Amino acid sequence: MGLKSPIPLKDLKFNTPVPYTLHVDRELLQLTKQKLALSRYPEEQTDFGENNWAQGAKVSRVKQLAKFWRDHYDWEAEERRLNAIFNHFLVKIDVPGYGPLVLHFTHTKSTRPSAIPLLFSHGWPGSFVEAAHVVRPLTEPEDAKDPAFHFIAPSIPGFGFSPAPTKSGVGPNVVARAYKILMTDVLGYPQFVTQGGDFGSFITRSIAIQYPQVVRAQHLNMFPVPSPTLWSAPCAYLRWCLSALTYSEFEHESLRIRRNFEQDQSGYLEEQKTRPQTLGFGGIIYGRFVSMKHALVLFLIFPGPLALKYDWTTMFPGRDELHQYFFSVAEKYDILPHCRFNAMCVSLVWGNLRSLWNCTFQDTISGETFKKEAPVVVSAIGTLDRPYIPNIEGSESFQGEVFHSARWNDSFKPEGKKIVVLGNGASATQFVPELVKDVGPKGSVTQFGNPKYSERFKLVLKHGPFAAKVYRIILAWQLERVFSSFYMNSNGAAMRQKIRDATYSFIESDAPPQYHEILKPRYEPGCKRRVNTASYMVCLHSPQMILTDNSVVKVGPDYVETKSGDRHVADAIIYATGFQTQKWLYPMQIKGINGQDLHQVWDAASSAEAYKGTVVSGFPNFFILYGPNAATGQHSVIFHSECQINYSCRLLRPVLKGKADSIMVKLEAQQQDLSWVHDKLKHLVFNSGCQSWWMDPVTKKNTFIYPDPMYKYWLRTIFPSWSDFDIRKDGKRHSSCGGMLSMGVFIMGLAAVTITNSTDIQKLIGKASNWLLANVHRS
């Protein structure tokens with residue numbers, strides 16, 4: 001808005017408010033009037049009457065508003081009015097989990113000693129100006145019996161005179177933290193009441209949730225209510241399921257209004273949620289000289305299961321699309337403010353006395369070490385995190401660029417270069433096609449069906465009842481069917497032969513003839529992870545591409561030499577040679593009860609081991625996602641992680657609810673589980689002499705694969721077998737009761753009759769687990 005700050009914003013000091021007088025640049029005002037005068041307007045279709053707004057704001061109405069703004073609206077008078085009514089301030093605040101934010105706020109103090117601090121949070125498209133008529137009555141009421149308030153009205157970051165945030169991530173929870181600091185640390189009000197309207201209601205509710213000790217009361221004039229669920233309101237949920245029969249005419253009309261808003265009136269909301277930057281350009285990017293003022297006019301007068309995604313572009317989406325999805329989920333559930341990045345865990349040491357993990361971290365940028373205490377530690381790093389680079393003679397003499405695909409050099413320019421890629425697995429088949437495009441006609445790459453979803457299909461997934469859930473089940477079943485091919489029996493062999501025939505047919509039809517034998521697997525289907533690719537075979541036809549299975553035995557300053565003596569000139573070497581998969585959780589030092597070292601425990605057992613791939617005896621409150629013998633050879637790692645996360649949360653309930661200090665699997669239970677795992681693996685293709693990163697090269701034990709279909713893993717992790725765990729409170733052991741499981745399953749089956757929602761299923765499982773846990777502690 002052309003704000004004239006009394007001092008440069010960069011010079012503001014944290015938690016030090018600076019007063020100022022509103023003053024907007026007069027040149028900006030004049031320019032705005034010129035834009036309004038020069039504006040061009042769209043043509044309207046003739047079959048929409050003057051009162052028919054089905055296509056958006058009416059041109060005639062926009063022209064009226066533009067004319068008023070240009071010829072009659074007096075900002076200078078409004079500026080004087082706002083300066084007379086409010087006391088304005090700017091302050092810089094360091095928001096936990098986000099960083100610095102500059103806020104504009106007004107602060108009007110009452111003369112009464114008993115006045116109550118009141119935080120007024122405006123909404124969209126509002127501002128502090130909404131309070132102009134109530135500041136005086138609230139701070140200095142005429143009737144002595146009426147309560148008085150100290151009135152504080154901040155502007156949401158990016159609204160009014162609060163500067164726009166310089167990075168993403170500002171949502172209701174971040175603003176709530178900023179407002180709390182403003183009230184308690186900047187203004188010195190230890191407790192206060194709040195008023196929130198529209199978007200402001202989300203902010204003030206978040207303050208009350210995050211800081212209940214400082215919010216004495218709150219008033220909301222918008223309170224969105226979600227649809228009822230089986231557990232939040234059972235009777236309302238049943239009525240909702242049968243709404244066609246049970247709802248009154250008024251309720252049906254209310255639902256119709258809500259549906260109308262969601263389908264026909266919420267375009268502005270979706271634009272702001274998904275592409276807010278686009279609005280900043282107004283209409284200029286479309287070739288019309290329409291200022292942002294018109295865009296504001298249009299928005300003023302015409303408001304138009306956990307995280308299912310309905311609009312994936314392809315069946316196997318790329319990196320950027322996946323990253324955007326995961327980032328959006330983290331933002332939606334406000335995870336990012338609670339994360340610290342660029343930090344590496346160095347050691348974890350369990351303290352028996354206080355039942356806490358002492359965690360040491362190192363900042364990967366500054367090298368600084370710092371410590372944290374945590375009652376629970378969850379390792380979510382898996383084991384595909386440390387690149388494996390083979391030791392090849394002369395590697396150190398190579399003068400070109402060298403890096404592993406998992407540590408990609410973003411500054412690397414492939415155009416015109418001769419690149420040697422060592423490896424031909426999952427990573428190489430993804431990036432080699434892109435390299436072939438980038439090297440150009442003078443370069444070369446030597447290297448040792450992704451269906452698109454139609455727009456109609458996406459609409460069906462989004463709007464069809466249960467369509468997305470059904471499609472997910474279909475995809476899961478297709479993946480589960482592959483497991484039958486892993487059995488070392490006649491049926492498994494027949495299915496593997498079908499897979500082999502289909503693979504050979506694909507290679508022979510899509511790959512150049514000279515590469516057929518190189519590409520055909522020389523092992524049983526299932527021995528190694530399958531690679532789905534739509535672009536790899538195509539790139540093999542490029543004249544810039546050479547594929548060979550002749551292993552590299554020597555590296556020179558500008559070449560690689562193969563076992564047969566052939567030399568290939570190289571400007572760069574990219575290793576796509578996998579990871580150090582058998583060094584689980586390395587190089588972290590992890591010490592559990594009585595100081596026992598996790599790596600020494602696993603070395604003594606000849607391999608990494610964990611109960612259900614998740615917990616280890618001797619290491620309380622320690623959980624491993626994608627741990628030993630938890631991986632799937634045919635299914636989605638995301639589904640498996642969901643199972644493990646839900647299982648870990650169920651195990652942690654006694655700790656999180658204060659009923660226990662620690663939970664740890666018993667050694668005998670872990671040994672029994674692992675004995676079952678490795679006995680089952682003996683009869684599967686994974687242990688038929690395969691050479692893969694799933695196998696420990698020394699002990700020949702399979703440390704990765706879970707020996708059953710994923711739906712069975714899901715079933716085995718729904719209810720914890722509490723008798724398998726040592727649960728302690730104040731150093732005392734709680735007895736376990738495993739006989740409650742059948743009753744829990746009965747409860748689940750009985751309630752499932754009325755369940756149509758996956759969220760309800762999760763809540764049902766949670767309640768059943770709580771019931772079992774309560775009986776465990778009573779027994």
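Cores and a helix pair in a predicted model

Q: What makes the residues around L348, W357, I590 and F622 a nonpolar core?
A: In this predicted model, the largest nonpolar core has 34 residues, and L348, W357, I590 and F622 are those with the most contacts inside it. The term applies because such a core is a set of buried residues of nonpolar kinds joined through side-chain atoms within 4.5 Å, where buried means under 20% relative accessible area.

Q: Which elements each supply at least two residues of this core?
A: These are the strands β8 (343–351), β9 (356–363) and β21 (622–624), together with the helices α20 (598–604) and α22 (667–681); the largest share, three residues, is that of β8. By domain, at least three residues come from each of domain 3 (340–385 + 582–733) and domain 4 (401–461 + 478–575).

Q: How do you know that F622 is in contact with L348 and W357?
A: Contact means heavy atoms within 4.5 Å, and, with neighbours within four places in sequence left aside, the residues that F622 contacts include L348, W357, V377, L585, I590 and L598. A second, separate core of 29 residues includes F105, I152, Y179 and A208.

Q: Why is α5 called roughly perpendicular to α6?
A: Helix α5 (residues 172–186) and helix α6 (residues 199–210) pack at an angle of about 65 degrees, with their axes 8 Å apart. Angles of 65 to 115 degrees count as roughly perpendicular, and therefore α5 is described as roughly perpendicular to α6. The residues making the contact include P172, V175 and Y179 of α5 and F199, F202 and I203 of α6, and α5 passes α6 in a right-handed crossing.

Conventions:
Residues numbered from 1 in each chain as written. Predicted model: local features only at pLDDT ≥ 70, side-chain atom pairs only at ≥ 80, totals over all residues. Heavy atoms only, no water. Buried < 20%, exposed > 50% of the residue type's maximum accessible area, 1.4 Å probe, protein only. Helix = DSSP H or I, 4+ residues; strand = E, 2+ residues; numbered from the N terminus. Domains from an automatic or database assignment. Axes fitted to C-alpha atoms, helices over the stretch in contact; angles between N-to-C directions. Parallel < 35°, antiparallel > 145°, perpendicular 65-115°, else oblique. Left-handed = near helix turned anticlockwise from the far one by under 90°.
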